[in-house]
Amino acid sequence: MEILVSPGPDDTASRAAEVVLAGLRRPGGHASVLGLATGSSPLGLYRELGRAVAEGRADFSTTYGVALDEYVGLPPGHPEGYRQVLLREVCGVIGLAPERLEVPDGSATDADALEAAAAAYEARIAELGGVDVQVLGIGANGHLGFNEPGSALASRTRVKRLSARTRRDNARFFTGLDDVPTHCLTQGLGTILAARRLVLVATGDAKAEAVAAALEGPLTASVPASVLQWHPDTVVCLDEAAAAGLRNRQYYDDSAAGLPGT
Ligand code: F6R
C-alpha cells in the first residue's frame, strides 16, 4: 500500500488524479476502464481529471466507466440513482461518453431479476477486460462500495441491504430518510480486488477512525475496506484530517518521499 497524505482536500484531489492517470495508461491502445465511486469523496478528483482534459493531459473519450454500485428500486431517471449521478458528476465533467458508462441495473424488484442483473454486470466487466483503476471512497462504518460490515471478502456483485448508518449518511441526498432505498446492487469485495489498481480517497475527520481501522487494523469482514491491504497496487490519498488516526504515519511519509536522490 502507498499512503499519500496531503495538507487538505484540494491537494488530495490533485494527487489522486495523477495516480489515476498513471494507472490508466494501458499499453497496446486498448480502451481503458475506470471504476467509478459516487458520493462526496471523489468529486474533487473528478474535477481534477476534468482539468487534465482541458489542459490536453488526458482524454476519456474512449474510456469506459464502470460504477461500483446502484440503488435498488429507484424509478429510472431518478436524479439520485447512480446512473444519473455519474452522468452529471463524471461524464459531464471529464468527457466520458454516456454510452460507455456501465451501471448495475437496479430497476428490478424481484430477487431473481436482481441476481440476473448482478451476473450480467460481472460478465460486462469481464468483457471489458477488467477495471484498470478503481476509484473508491470509504464509509464511516468502513464499507467499500456498498459492502457493509460482514460482507464476504471474496464476494462478487450482488444485492445487499444498506445499513442503518449508511442510509442515515445518504439521507442528505434525498428528501428524507424514508426515501433512501433499503437495498442496492454492489460490486463485491472480490470484484473490487480484481481491479488492477485501487485508489481510495478520504478527507475530513469523520473518516479518520474508519481509515485507521481499514489500513492498520486486521483484515476482517467487519471492516470491509481492510481488503485494501490485500491488493498489490493500492494507493490511498488522504488529507491530514482523515489521516489523523494513523499510527505509522512517519513511515508512510518517508516512503512517499521515494528513493534517495530521486
Ligand atoms: C459510492 C460508494 C460508497 C461511498 C462511501 C463514501 O459509490 O460505494 O462506498 O464511497 O459511502 O461516501 P462519501 O464519499 O459521500 O463520504
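The shell of residues around the ligand is made up of 3 nonpolar, 8 polar and 3 charged residues. The model shown here is a predicted one. In total, 14 residues surround the ligand. Ser41, Asp69, His143, Gly145 and Lys207 are the closest of these.

Some of the contacts can be followed atom by atom. Ser41 places a polar side-chain atom 2.5 Å from an oxygen atom of the ligand. Thr38 also has a polar side-chain atom by a ligand oxygen, at 2.7 Å. As for its location, the ligand sits in the largest pocket.

The next topic is charged side chains that pair with each other. The structure holds 14 salt bridges. One of them joins Arg57 to Glu55, with 3.0 Å between the closest N and O atoms. Are these two residues buried, exposed or something in between? Arg57 has a relative accessible area of 41%, so it counts as partly exposed. Glu55, at 48% relative accessibility, is partly exposed as well. The reasoning rests on two cut-offs: buried means under 20% and exposed means over 50%, so values in between are called partly exposed.

Another salt bridge links Arg165 and Asp169. Here the closest N and O atoms are 3.5 Å apart.

Technical notes
Residues numbered from 1 in each chain as written. Predicted model: local features only at pLDDT ≥ 70, side-chain atom pairs only at ≥ 80, totals over all residues. Heavy atoms only, no water. Near = heavy atom within 4 Å. Polar contact = N/O pair within 3.5 Å; in protein donor to acceptor, adjacent residues only side chain to side chain. 1 Å grid on protein atoms, 1.4 Å probe; cavity = no way out; pocket = protein on both sides within 12 Å on 5 of 7 lines; lining within 4 Å. Sits in = over half its atoms within 2 Å of the grid points. Nonpolar A, V, L, I, M, F, W, Y, C, P; charged D, E, K, R; others polar. Salt bridge = Lys/Arg side-chain N within 4 Å of Asp/Glu carboxyl O. Buried < 20%, exposed > 50% of the residue type's maximum accessible area, 1.4 Å probe, protein only.
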